Structures are given as C-alpha cells and as structure tokens.
Amino acid sequence: MCSHSTAKTCPHSLLMTRQEFEHIVPEMRRLMLGVGRDFFGNEMDAEDVAQDGLLQLWQYCERLDEGHNIPALATRIAKHCCVNMVRRRKETIPIDDGAVQRLDPPDTSLHPSPQEEMERNELKQAFDAAVKNLNPAERHLFQLRQLDGLSLDEISEQTHIAKPSAKSMISAARRKLFEALKKEYRS
C-alpha cells in the first residue's frame, strides 16, 4: 500500500494488486499442477504442490510487478515445493527411465535465465561427480540400466551377474547417488 497521492507519482503503482493476482491464479495453478504431476506422477501430490506453491506465490504478490516473469517464478516455486515435500517425507525417489523428465519439468520459457542455467550445470556436475564416486561395478551396472536402458535380464546376460545381484547393486548405486546429491544440496 502506497501513501503517495497519485498513482502516476507512486513508484509502487505497477505492483500487482490482489485482483490481478486472483486473475492469474487459475493459470499458475495449472502450471504448478503440471510440475507436481511430472515430479510425483500422481494427482494428490500435484494438488499439494499447487496449494503450497500458490500460498508462497501469494506471499510475493505485493512485490511482483509487470517486469517479473511470473510463470517462471511459479515453476521455480513448484519445483522447490516438490523437493521440500520429499525432504519432509524423508523418501527417496527411485531413478528409473523417466526420472530425468520428472525431475526437470519442461521449462516455460524458451531461454533459461543465467541463474537457471547455472543451477542446471551445478546439478549436472554434482550428479557426474557422484556417479564417478561409485565403485566400478556399481557405476557400470548403473550406466547399463539408466543410461543405456538395458533390462535386468539383458544386464545379467551381458555381465554374467545374477539378476537379483545386479538389481541389488543398481539399487545400491541409486541410493548412493541420492545420498550424495542430498548431502551436496544440504551444504
């Protein structure tokens, strides 16, 4: 709320009003639901992401103006809500063939901001470093499964490792990667 006498002289006259915020809520809710669905793969968690995200976006309402990329901000808030929900549950998200798409929902802008690009590069570097820290057998099996897309039967046949052992080693590799990334982003 500005105490200036006219909107023309008020530097805050371009700030988003409550009515303007209420006008963009349906679009931002759809966007946040999409991020939640892509991340968790179910409607219930997606609804939680949208609710939490809209509450957080509302807190920014008085500071938003025409110059802000509100859909990009809503996407970022929704991503943070997803991560926070996982942290609160202390769950791991298994890495499977579609995990990369769920963890990195499509960007709403054609050109990511320098900060988004830097964050992506940091995440990639942290992931690559975590993969390099796996023991050679786990790294090889993880790469066959996750990067090459081989089935457990194909891996077992190719490596001469029993299918249950291969499955166990891949699971251990995933767990180590998750813990390494979790540790990296807590610091």
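A residue counts as buried when its relative accessible area is under 20%. Keep that cut-off at hand for this tour of a predicted model.

**Stop 1: two helices crossing.** Select helix H1 (residues 18-40) and helix H3 (residues 70-89); their axes come within 9 Å and cross at roughly 40 degrees. The two helices are therefore oblique to each other, and H1 passes H3 in a right-handed crossing.

Now show the side chains where they meet. On the H1 side, pick out residues including Ile24, Leu31, Val35 and Phe39. On the H3 side, the contact residues include Ile70, Ala74, Cys82 and Val86. Sorted by type, the residues of this contact come to 16 nonpolar, 2 polar and 3 charged.

**Stop 2: the end of H1.** Stay with H1 and select Phe39 and Phe40, which both belong to its contact with H3. The model has 2 aromatic pairs. In one of them, the ring centres of Phe39 and Phe40 lie 4.8 Å apart with planes at 70 degrees, so the pair is edge-to-face. Phe40 has a relative accessible area of 16%, so this residue is buried. Phe39, at 9% relative accessibility, counts as buried too.

**Stop 3: a pair between H5 and H6.** Next, select Phe127 and Phe142. Their ring centres are 6.3 Å apart and their planes stand at 55 degrees, so this pair is tilted. Phe127 sits in helix H5 (residues 114-132) and Phe142 in helix H6 (residues 136-147), 15 residues apart, and the pair links distant parts of the chain.

Definitions and conventions
Residues numbered from 1 in each chain as written. Predicted model: local features only at pLDDT ≥ 70, side-chain atom pairs only at ≥ 80, totals over all residues. Heavy atoms only, no water. Axes fitted to C-alpha atoms, helices over the stretch in contact; angles between N-to-C directions. Helix = DSSP H or I, 4+ residues; strand = E, 2+ residues; numbered from the N terminus. Parallel < 35°, antiparallel > 145°, perpendicular 65-115°, else oblique. Left-handed = near helix turned anticlockwise from the far one by under 90°. Contact = heavy atoms within 4.5 Å. Nonpolar A, V, L, I, M, F, W, Y, C, P; charged D, E, K, R; others polar. Phe/Tyr/Trp six-rings, centres within 6.5 Å; stacked < 30°, edge-to-face > 60°. Buried < 20%, exposed > 50% of the residue type's maximum accessible area, 1.4 Å probe, protein only.
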